[in-house]
Amino acid sequence: MTKKKKIIATASLAGCFGCHMSFLDIDERILNLIELVEFNKSPINDIKKFTKHCDIGIIEGGCCNDENVHVLKEFRKNCDILISLGECAIMGGLPAMRNGIPLKECLEEAYINGPTVKDVNPQKIIPFDPDIPKILNKVYPCHEIVKIDYFLPGCPPRADLIWNALYALVTGNELLIPYEVFKYD
Amino acid sequence: MSTFVKFIIDGKICLSEEGKQLIEAAKENDIYIPTLCNYPGIPPKGSCRICTVLINNRPATACTTKVTENMDIKTSTPELEDFRKAVIELLFSEGNHFCPSCERSGNCELQALAYKYRIAVSRFPYFFPERTIESWHPKLIKDHNRCILCKRCIRGIKNNEGKTIFAYGRRGQYLEINIDPETSKNISDELAEQAMNICPVGAILVKEKGFITPIGKRKYDYNIIGSEIENQ
């Protein structure tokens, strides 16, 4: 008798893909994982849209633009359990370091005044094409936008932490988190 | 000669000199009471409230309480643990604590306490206050984003004339700890290092000394804060 595999979706919002890289650091355990789960929408398999309802959604990165918010809400709608993976998803992380600086100043530094752009942008244009996602006034942790069920901290979260958490969640076994895998950096 | 008193911590009979700070007396008896603002050798302040324990069933801070005969102390009840977690989470929400980019990460007492209590996320919304970084000083950096206003530096660091080199500036929610430009003018490298080490977080840094210890060899990478007291 084959058990129904749990379905996982993942996304990277305002993150650096480091958490996904750490996910791949589970090494050969990925063979065990693939026995237990199947992947739906995820950068790992390049499925762009949800094709079915998922059991677990893993979110890397916080929300820095309206597209991030849209994707996050899609995940909430399509996943039973949502996990914030890594510091950026949990508290905004490095992108949130701009939260203390007014948005106008950030954009002017990035497109007009910064040392690498000030000579190449004589018309002083800040990109405003409607196809470009609109940047938010600040970077928001995921749980301030939608309900998040579990949080796995780290920058990136240690592969053992991700594996232990996923394995416990999928199999229903007890979750063990050794001290040395629970880190913020 | 000092007299010894008998008191009880979590059911264990303890002995210590009368009038000793409870947090130190507990340490002598191999019991760790978590704290952030207390530092051995400098006068207690009681500002962080993390060392709150139940003394004869009434909450009080262990750093500002002196031990007396027959005190009955509880350091860990579900309410106390949750209260401590809440204080730590509040500190994380109130400042800008970006651990991944902090020079003190791995050696930070606030972070180590959060590890101890397995705090994955703060229950409070993140405040993201607008704070500055003072980097004008020749030897020190004062990062107000990370400061938890515990006053350890004000209490513990004096220049060779005995004057404090840190002081409170501004008021209310804008309160911050500044470096005094006059008294700190000619501080020695040792004193600068001492100032960095007395800070429980990464708010005081010595220039060109960041990230000097590799990951895996830092103080709290493998050791839970307080384990050196409990495992004696």
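## Basis of the values

The model is predicted: local features need pLDDT of at least 70 and side-chain atom pairs count only at pLDDT 80 or more, while totals for chains, interfaces and linings use all residues. Residues are numbered from 1 along each chain as its sequence is written, chains are lettered from A and ligands numbered from 1 in the order in which they are written, and side-chain values use heavy atoms, with hydrogens and water left out.

## Interface of chain A and chain B

Chain B contributes 26 residues to the contact and chain A contributes 25 residues, where contact means heavy atoms within 4.5 Å. The area buried between the two chains is about 2300 Å², with 66% of it from carbon and sulfur atoms. Buried area here is the accessible area (1.4 Å probe) that two parts lose on being put together, summed over both. On the chain B side, the residues that lose the most area to chain A are B:Tyr115, B:Arg118 and B:Phe128, and together they account for 29% of what that side buries.

Nine residue pairs are in polar contact across this interface, both residues being at pLDDT 80 or more. A polar contact is a pair of N or O atoms within 3.5 Å; within protein, one must be able to donate a hydrogen and the other to accept it, and residues adjacent in sequence count only if both atoms are side-chain atoms. Helix H3 (residues 109-116) of chain B supplies the largest share of the side of chain B that touches chain A, namely three residues. Helices (H or I, at least four residues) and strands (E, at least two) are DSSP runs, numbered from the N terminus. By class, that side of chain B has 15 nonpolar, seven polar and four charged residues. The nonpolar class is Ala, Val, Leu, Ile, Met, Phe, Trp, Tyr, Cys and Pro, the charged class is Asp, Glu, Lys and Arg, and the others, Gly among them, are polar.

## B:Gln111 in helix H3

B:Gln111 is found in helix H3 of chain B. B:Gln111 counts as buried, at 1% relative accessibility; buried means under 20% relative accessible area, exposed over 50%, and partly exposed in between (1.4 Å probe, protein chains only). A polar atom of the B:Gln111 side chain lies 2.7 Å from the backbone nitrogen of B:Gly106. Not counting residues up to four places away in sequence, B:Gln111 touches A:Tyr184 of the other chain, along with B:Phe92, B:Cys99, B:Ser105 and B:Gly106.

The rule finds one salt bridge across the interface of chain B and chain A, a salt bridge being a side-chain nitrogen of Lys or Arg within 4 Å of a carboxyl oxygen of Asp or Glu. The pair is A:Asp185 and B:Arg218, with the closest N and O atoms 2.6 Å apart. B:Arg218 also forms a salt bridge with B:Asp221, at 3.0 Å between the closest N and O atoms. Both chain B residues are buried: B:Asp221 has a relative accessible area of 4% and B:Arg218 one of 9%. Salt bridges with shared partners join A:Arg158, A:Asp185, B:Arg218 and B:Asp221 into one network.

Within chain A, the side chains of A:Asp185 and A:Arg158 meet in a salt bridge (3.8 Å, N to O). A:Asp185 lies in the segment after helix H6 (159-171) of chain A and A:Arg158 in the loop between strand E7 (150-152) and H6, so the pair ties together parts that are 27 residues apart in sequence. A:Asp185 counts as buried at 8% relative accessibility, whereas A:Arg158 is partly exposed at 24%.

## A salt bridge within one helix

Over all chains, the whole structure holds 24 salt bridges. One of them joins the side chains of A:Glu74 and A:Lys77 (3.6 Å, N to O). These residues are three apart in helix H3 (residues 66-78) of chain A, so about one helical turn separates them. A:Glu74 is partly exposed at 26% relative accessible area, and A:Lys77 is exposed at 60%.

## The two domains of chain B

Chain B is assigned domain 1 (4-76) and domain 2 (84-227), with bounds that come from an automatic or database domain assignment. The domain centres, taken over C-alpha atoms, are 25 Å apart. In the contact between them, 17 residues of domain 1 meet 22 residues of domain 2. The two domains bury about 1500 Å² between them, 63% of it on carbon and sulfur atoms. B:Tyr32, B:Leu36 and B:Ile50 supply 41% of the area that domain 1 buries against domain 2, more than any other three residues.

Across the interface of these domains the rule finds zero salt bridges and seven residue pairs in polar contact, both residues at pLDDT 80 or more. The side of domain 1 that touches domain 2 has eleven nonpolar, five polar and one charged residues.
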